[in-house]
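Please consult the sequence and the structure shown here alongside the text.

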Amino acid sequence: MTMTTAAAAMIELEGVAKSYGDVHALRRTDLSIAKGEFVTLLGPSGSGKSTLLNLIAGMITPSAGRIVIDGRDATTLPTNQRGLGMVFQNYALMPHMTVFENIAFPLQVRRLPKAEIRRKVAEALDLIQLGHVADRRPRELSGGQQQRVSLARCIVYNPALILMDEPLGALDKKLREQMQLEIKRLHAELGITMLYVTHDQDEALTMSDRIVLMNGGRIEQQGTPDALYFKPETVFSAEFIGSSNLIPGTVQIAADGTCRLKTALGTFPAPAPAAPMKAGDRAVLLIRPENMAIEVSGATTSVPGRLEDSILLGGVVRHFLRCADGSTLIVQELNQPGRSVAHRGDLIQAGWQPGHARLLPPQPAN
Amino acid sequence: MSDLFGTSRLARGVVSTAAWTCYLFLLLPSLIVIPISFGNPGQIEFPPRQFTLQLYRQFFTDPAWWGSTVQSLVVACVTTLVALILAVPAAYALARSRLPGRAGLRGLFMMPMLVPVIVLGLGLYLQFSSWGLLDTTAGVVLAHIMLTTPYIMVSVMSGLHHSDVALETVASIMGASRVTIFFRVVLPQLKASIAVGALFAFLMSLDEVVVAYFLTGQNSMTLPVKMYSSIRWELTPVLAAVSTLLTVLSLLIALGIIRMQGKTEASA
Ligand SMILES: Nc1ncnc2c1ncn2[C@@H]1O[C@H](COP(=O)(O)OP(=O)(O)OP(=O)(O)O)[C@@H](O)[C@H]1O
Ligand SMILES: [Mg+2]
């Protein structure tokens, strides 16, 4: 996406913050979301995801900052004039209305002619393949069906932006995956900008153009799923997305400028750090389990360890190694026929290519 | 839990017998009028020695009785209607707005529930006499609206407490105005608690005697006042028929309330 002009932004948050007394639900935050983008807010419970979403929806007013939606200053605009759509975890369908009436509601609010309402509702019902339940009440539907109805109710009036707060949180795993694809399909077909909240990293990786990772009321890091996975900038990011081996140590910088990390397990070559560092700084070396391999020759950088356990996860195997200092390393390999089988208690080498490691600043103490 | 009082079978028997005796003791005076109402029109007697509908005929043909019945029904209907129109939006506003003086306002609305009825009656009597509202239908209706509004508000506020705020939020996000939200999202959810409040208000107004006794006269007498004065002046057995009719009506309304309450709980 090459949308760099301000006009192409669907949402601009400028220094937006929200606090409740001493609680900083959201610290000063800048965020820009392009038109047509699918952005996910990912983060642990209490990190401020819903707060950010509710600020954009106008359900709460910011303590500071400016919110611009579609080029219009919406900081103090009432919720019902923002022209947004929102999908909630608990569906929030009107129990006293049929499915048809639920979907027709936003159109009636907009005073569309009856015939047009009927046509649009029918279209929306088709889109979510629920035409046959139009006359039922929400409570007569399954959770998945209810959530599809609430999606239809949202897209039927074609809002420029749809906010979703853990919309699939109440569904079981299989249905979740199905609905993830359905939401992605709707996004692709309709081109609506979507801001999606989840605390499920897999969901975020599957669905997003961009992930905004939140931590303690601020944005920890944002980027494409690939960028977040392969280029985490902090220990928090590395641990929250994917699994990781983290080896803490002290930075050494050689005369030629190359960087090494002295750790309890040995001294390892490290790539240029993501943030500027100098010799003697504390730092953490990150190696993803799938970038490590059980080594026989010890040709690359490696650490010895005793095999504690191996778990078969279908296509992949995870080995857990206990190292000399008592820490555990995880090595993940493809499960292929003829794979060398190590036994529990064997002393083996976990190796990696130095280029696959990442040097991160240490986790701030808190 | 079941054996909190170390209940043996005997003890339980004693307790339930005592309870039933109490109920009967409280109920009997109201029930005794039922057989009397089918008895001799000449005098009040129990047990009655004949079965006639004479007393009912008297009730329905005497314009004094019949008139005050109609008066009571009119007062109760208008009271209920106006009290609803006042109480439902007020309850909604109190429950959802973030007005600074909210607690004070709520207290003000609930006041008539706390002031002794006799005091209220006296106060209204003095006030209405200077306004020229004594012995007018408008006067009783006004007083009854004051009395019943807090009860409807309590019922509606409990309904609002159970209703889902998220529905109002989502309606607002979809572009609905406050007014649309009130009529299309809030009211339908409150149907049952509004009905309970309305029935209750109707019943209260229908057999309210203290305040009405202060405020009404020959031109605006309600049924309970008429009954009360006829006990004092003539003690006619028609009273038994009126009481029976009132009991049946109250019972029906109470059953209605219970059914509605069942519904609110089921939907919550
Ligand atoms: N109305 C409120 N009053 C006080 N504190 C609040 C309020 N709403 C949110 N908070 C606090 O703000 C912080 C962020 O809350 P928020 O709901 O945005 O988290 P979240 O990321 O959505 O979490 P979850 O994944 O659990 O939904 C939390 O610490 C929460 O306790
Ligand atoms: Mg949340």
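## Ligand shell

Helix α1(A) supplies the largest share of the shell around ligand 1, namely 3 residues. The model is a predicted one. In total, 13 residues surround the ligand, and the closest are A:Ser45, A:Gly46, A:Lys49, A:Ser50 and A:Thr51. Sorted by class, the shell comprises 7 polar, 4 nonpolar and 2 charged residues.

The side chain of A:Ser45 places an N or O atom 2.5 Å from an oxygen atom of ligand 1. Backbone atoms also take part: a polar backbone atom of A:Gly48 is 3.0 Å from an oxygen atom of the ligand, and for A:Ser47 a backbone N or O atom lies 3.2 Å from a ligand oxygen atom.

On its own, ligand 1 has 640 Å² of accessible area, of which the protein covers 59%. Two elements of chain A, β2 and α1, each give two or more residues to the shell.

## Sheet and helix

Chain A contains an open sheet of 4 strands in the order β2-β1-β4-β5, with antiparallel pairing. Strands β2 (23-34) and β5 (72-73) of chain A each have a single partner strand and stand at the edges, so one side of each lacks a neighbour in the sheet.

Strand β1 (residues 9-20) of chain A runs antiparallel to β2(A) and is joined to it by 8 bridges. Within this pairing, A:Ile11 has A:Ile33 of β2(A) as its bridge partner. Helix α1 (residues 49-57) of chain A packs on the sheet and touches β1, β2 and β4 (64-69) of chain A. The direction of the helix makes about 115 degrees with that of β1(A).

Note on methods
Residues numbered from 1 in each chain as written. Chains lettered and ligands numbered in written order. Predicted model: local features only at pLDDT ≥ 70, side-chain atom pairs only at ≥ 80, totals over all residues. Heavy atoms only, no water. Pairing = 2+ DSSP bridges. Contact = heavy atoms within 4.5 Å. Axes fitted to C-alpha atoms, helices over the stretch in contact; angles between N-to-C directions. Near = heavy atom within 4 Å. Polar contact = N/O pair within 3.5 Å; in protein donor to acceptor, adjacent residues only side chain to side chain. Areas by Shrake-Rupley, 256 points an atom, 1.4 Å probe, with all protein chains shown as cover. Nonpolar A, V, L, I, M, F, W, Y, C, P; charged D, E, K, R; others polar.
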